[in-house]
Amino acid sequence: MRAAFAMLLVACAQGTPETVDSADDRAYTPEVFAIPLAEPERFFQTTGVDHDPEDHGDSTLGSAICTNYDGRGFPWCYDGHDGTDFLLEGGFEAMDAGSTQILAAAAGVVVSTDDGNYDRCHVEGGSVSCDGYPMVGNHVILEHPSGVRTKYWHMKSGSVAVEVGQEVACGDVLGLVGSSGLSSMPHLHFELAVDGQWVDPYAGPNSQPESWWQDQGDDPEELPPSVCP
Ligand SMILES: [Zn+2]
């Protein structure tokens, strides 16, 4: 008995059987994703996915059921939001001082990029203004081996560091945080899609039971470090 118990402990410490079981239980079988930011500690708020996009409610903010984990919601989300926003502390001043790097959340191939669009879009009179320039976001889209796509939006103009067809490793630099396109302030809009349908990478009561993040942290207002699997 004693020997069998010891062997079980060794097997668990190696992690093989439990890891396989856990992956099989997922609704999809994706890669595991790292927080796509070189300096997660510089982001002061995370805005989650709306899990009730069909219900637009009757207020100007519509209706939203936010990503919610550990029984707590993100500080806020908004109607129809299909990704996760990471907001850069210090806003445009921080962006002008060099901004911060956006990283590939997992290994994959670049399937779409856009760069060179105006990156100082902001809120004016209750809606987003790009000072007369086209409201087009600089972006990178990656496709991962399972077919899952990750999308990185609103990058700083001239910062996109990869090109279509290029293979990237988890943690490779894709560009810098900016405020191009439909964006009220410098932030990264990160989106995961399976067959064109968004998926919230966070686990929680309003989301899926298992996280797609390598580490989603335990506090919605404090991002964990970016760790590639
Ligand atoms: Zn967003």
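Visitor: Before we start, what is a nonpolar core?
Guide: Think of buried Ala, Val, Leu, Ile, Met, Phe, Trp, Tyr and Cys residues. When their C-beta atoms link up within 7 Å, the set they form is called a nonpolar core.

Visitor: Which residues touch the most other members of the largest nonpolar core here?
Guide: Keep in mind that this is a predicted model. Its largest nonpolar core has 32 residues. Strands S4, S5, S9, S10, S12 and S13 each give two or more residues to this core. The members touching the most others are Leu37, Ile102, Ala104, Val140, Tyr152 and Leu188.

Visitor: How many helices and strands does the protein chain have?
Guide: The chain runs to 229 residues, and 35% of them are buried. Its secondary structure comes to three helices and 14 strands.

Visitor: Is Leu176 buried or exposed?
Guide: You'll find Leu176 in strand S12, which covers residues 173–176. A residue counts as buried once 20 or more other C-beta atoms lie within 10 Å of its own. Leu176 has 24 of them within that distance, so Leu176 is buried.

Visitor: Which residues is Leu176 in contact with, leaving aside neighbours within four places in sequence?
Guide: Start with Gly158, which is 18 residues from Leu176 in sequence and 8.9 Å away in space, C-alpha to C-alpha. As for contacts, the list is Ser99, Thr100, Gln101, Ile102, Met155, Lys156 and Ser159.

Visitor: Among contacts between residues at least 6 apart in sequence, what share join residues at least 24 apart?
Guide: Take Ala104, whose contacts include Val168 and Leu174. Across the protein chain, the share joining residues at least 24 apart is 70%.

Conventions:
Residues are numbered from 1 along each chain as its sequence is written. This is a predicted model: local features need pLDDT of at least 70, side-chain atom pairs count only at pLDDT 80 or more; totals for chains, interfaces and linings use all residues. Helices (H or I, at least four residues) and strands (E, at least two) are DSSP runs, numbered from the N terminus. A residue is buried if 20 or more other C-beta atoms lie within 10 Å of its own, exposed if 12 or fewer, and partly exposed in between; C-beta atoms are placed from the backbone. Two residues are in contact if their C-beta atoms, placed from the backbone, lie within 7 Å.
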